[in-house]
Amino acid sequence: VNGVLEIPVVFNVLYRTTAENISLAQLQSQIDVLNKDFNAQNSDYNTANNPYSSVRANVGIRFVLDQVIRKSTTKSSWGTADAMKKANRGGLAPTSPTTKLNIWVCTIGGGILGYAQFPGGSSATDGVVLDGKYTGTTGTATYPFNLGRTATHEVGHWMNLRHIWGDATCGTDSVSDTPVHNAANYGVPAVGHRSTCSGTPLEMYMNYMDYTDDRGMYMFSGGQKTRMLAIFDVGGSRASFR
Ligand code: ARG
Ligand code: ZN
Ligand code: CA
């Protein structure tokens, strides 16, 4: 990619209650978090005691609020089978999904904070889904997921990143500068927490692709940056966004 990649964002807000119809200020706060986290401008980027500070990355992707589309519905939860993306199921079809990142904001249910489609899938369902209670930093944003990091994590998936533990015991995320983890971490792990996998490496629990609370995650690695930017190159699965 030449220069800074700029991704237009379309928010599709589906609401039954007025609280679910989250404000423009809350949506803008989410854009602001994405811009900080993907440009090493987050206030916790320089957290002390980070054993992985040398592999921290400034990914260098900007996000621009393009449109907000709102729709009143009678559904109280949408699940994770993409109904929110389909007009014939009461949802909203994506707008220009090959050139814009569509983010659906709705009540998902089942304790799910958000989910994403990886590159290479159908454009009709492409994008990220966020529960409104875990969107942005103001309004209905709810502790301990009130710092907008659900979107940072899900956009990481949308840009081809896997969970840091590789979704298996001592699994792989196909990124060489992230260590092997036993499993997902929750809450805010203690400094110095080690994996019991081969070599007992310090875990990179402060990575956005782990499962900690929002205040516990504050970096992508250089290898993750390379993996994300590759999909936007000529011939890459998201080259249409360049
Ligand atoms: N897909 C994950 C879930 O719903 C998102 C985890 C995001 N983590 C966070 N700290 N916001 O559980
Ligand atoms: Zn995930
Ligand atoms: Ca790795």
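**Entry 1: helix α1**

I counted a residue as buried if 20 or more other C-beta atoms lie within 10 Å of its own, as exposed if 12 or fewer do, and as partly exposed in between, with C-beta atoms placed from the backbone. By that rule Q26, L27, S29, Q30, I31, V33, L34 and D37 of α1 are buried. Helices here are DSSP runs of H or I with at least four residues, strands are runs of E with at least two, and both are numbered from the N terminus.

An α-helix has 3.6 residues a turn, so residues three or four places apart point the same way. What covers the buried residues of α1? I found that the cover includes β1 (5-15), β2 (61-72) and α2 (149-158).

**Entry 2: ground rules**

I noted that residues are numbered from 1 along each chain as its sequence is written, and that chains are lettered from A and ligands numbered from 1 in the order in which they are written. This is a predicted model, where local features need pLDDT of at least 70, side-chain atom pairs count only at pLDDT 80 or more, and totals for chains, interfaces and linings use all residues.

**Entry 3: the whole chain**

I counted three helices and five strands in the protein. Along the sequence they follow the pattern β-α-β-β-β-β-α-α. The radius of gyration is 17 Å, close to the 18 Å that the globule rule gives for 242 residues, so the protein is as compact as a globular protein of that length. That radius is taken over C-alpha atoms, and the rule is 2.2 Å times the number of residues to the power 0.38.

The C-alpha trace spans about 50 × 40 × 30 Å along its principal axes. Of the 242 residues, 40% count as buried. Among contacts with a separation of 6 or more, 66% are between residues 24 or more positions apart.

**Entry 4: around ligand 1**

Which residues come nearest to ligand 1? Of the 13 residues around it, they are I112, L113, R149, T150 and H153. A residue is near a molecule if its C-beta atom, placed from the backbone, lies within 6 Å of it. The elements that give two or more residues to this shell are β4 (114-116) and α2. Helix α2 gives the most, with three residues.

I sorted the shell into six nonpolar, four polar and three charged residues. Here Ala, Val, Leu, Ile, Met, Phe, Trp, Tyr, Cys and Pro count as nonpolar, Asp, Glu, Lys and Arg as charged, and the others, Gly among them, as polar.

Most residues other than glycine have a negative phi, and most peptide bonds are trans. I looked for exceptions.

- N49 has a phi near 65°, a positive value in a residue other than glycine. N49 sits in the loop between α1 and β2 and is exposed, with 8 other C-beta atoms within 10 Å.
- S96 has a positive phi of about 45° although it is not a glycine. S96 is in the loop between β2 and β3 (101-106) and is partly exposed, with 14 other C-beta atoms within 10 Å.
- Y143 and P144 are joined by a cis peptide bond, with omega about 0°. P144 is in the loop between β5 (128-131) and α2.

Not counting residues up to four places away in sequence, V129 touches M84, W104, I108, G114 and Y115. V129 and V105 are 24 residues apart in sequence and 6.0 Å apart in space, C-alpha to C-alpha.

Technical notes: Two residues are in contact if their C-beta atoms, placed from the backbone, lie within 7 Å.
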